[in-house]
Structures are given as structure tokens and as C-alpha cells.
Amino acid sequence: MTTIAANKNSIACDLQITHASNMKLKAATKIFTIPEDTCKALFNVRKAYLGYCGNADAWGEVVAWLTTLDGKPPKLKTNEFLLFTDEKKIYHATNMTNWMQIDVPHFAIGSGMQYATAAMSAGATPLEACKIAGKHDTLTGMGYKEYFI
């Protein structure tokens, strides 16, 4: 799984991907910068970052659809998304059509979400929260990235 954490200033992720065989791999990132046209069409914003956790098989379909908006959104079963916009709003979804604004100062998803949420409640940034989650969650780690609007 993973840990994605966001507050009103940034969104961060770990880089670990766990294969079905339990082998750990390092990803480049788990956060996608949504194209401006898509941001405007779906969220009425200029810029947004999308953090992803769950089955990585569907991630390519999600990125392809968000890049073009061609056809219907991909069907997803075991995925979770955290969206951070240039209006400093946080949204959560389990598919591409049911976005819910989270009206809290910070939020996290993934296997390390409880650790990250507790860390942010104690004053940690999303990046620090992901690193703290990585100390306790075996499915979080192998490096971290943070994105700012």
C-alpha cells in the first residue's frame, strides 16, 4: 500500500510499491500533476495534485483518462485518491466520479494513514507525516516526495 498525506499547504507521498509477491520496489512518485484543462473541467481550478493508493494496475488507466478525458472514467475497485487543489482544498475519492471535499486541516490515505494523521495532528508537515508513517507501517517507505502549489 502506501501513505499519502495532505494539509492546506502541500501533499506528500512515500515511494514504496509492494508487488503481490511482497517484493518492495521504488516508484518515481505516487502523485500526479493533473493537466490544467482537466483541472478546470473536473474541479474548476487551475492546478491540482492527485495522490493514489491501492492496486497499481489501474493507475495507468487513471492517468490516461485524466490526461485526455476521453470516454468513460476507468472502473476502479481497490483504489483510493487524495486530491490537493490550488484553492488549498482537499478531496477524497474511491473512483473518478465521487469526489468529496474533506473539510479538515489535514487528511491521509493508505496503509499508514493513521500514523500520518496523528503526526499531522501533532504539527508535522505532510512530508514529515509520511516519514513517521514509514517508521511504523511496513508498506510505507523507500523515499518521499512533497508537492506545493
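Is Asp14 buried or exposed? Asp14 has 0% relative accessibility and therefore counts as buried (under 20% relative accessible area; exposed is over 50%, partly exposed in between; 1.4 Å probe, protein chains only). The model is predicted, so local features need pLDDT of at least 70 and side-chain atom pairs count only at pLDDT 80 or more, whereas totals for chains, interfaces and linings use all residues. Residues are numbered from 1 along each chain as its sequence is written, and side-chain values use heavy atoms, with hydrogens and water left out.

The count of salt bridges (a side-chain nitrogen of Lys or Arg within 4 Å of a carboxyl oxygen of Asp or Glu) comes to 3. In one of them Asp14 pairs with Lys30, with the closest N and O atoms 3.1 Å apart. Asp14 belongs to strand 2 (residues 10-14) and Lys30 to the loop between strand 4 (24-26) and strand 5 (31-34), so the pair ties together parts 16 residues apart in sequence. Strands (E, at least two residues) and helices (H or I, at least four) are DSSP runs, numbered from the N terminus. Lys30 is also buried, at 7% relative accessibility.

Asp86 and Arg46 form a salt bridge at 3.9 Å, N to O. Arg46, at 61% relative accessibility, is exposed. Lys89 and Glu87 form a salt bridge at 3.6 Å between the closest N and O atoms; Lys89 is partly exposed at 28%, as is Glu87 at 43%.

Glu80, in strand 7 (residues 79-85), is buried but has no salt bridge. The side chain of Glu80 makes a polar contact with that of His92 at 2.6 Å (N or O atoms within 3.5 Å, one able to donate a hydrogen and the other to accept it; residues adjacent in sequence count only if both atoms are side-chain atoms).

Notes:
Lys, Arg positive; Asp, Glu negative; His and termini not counted.
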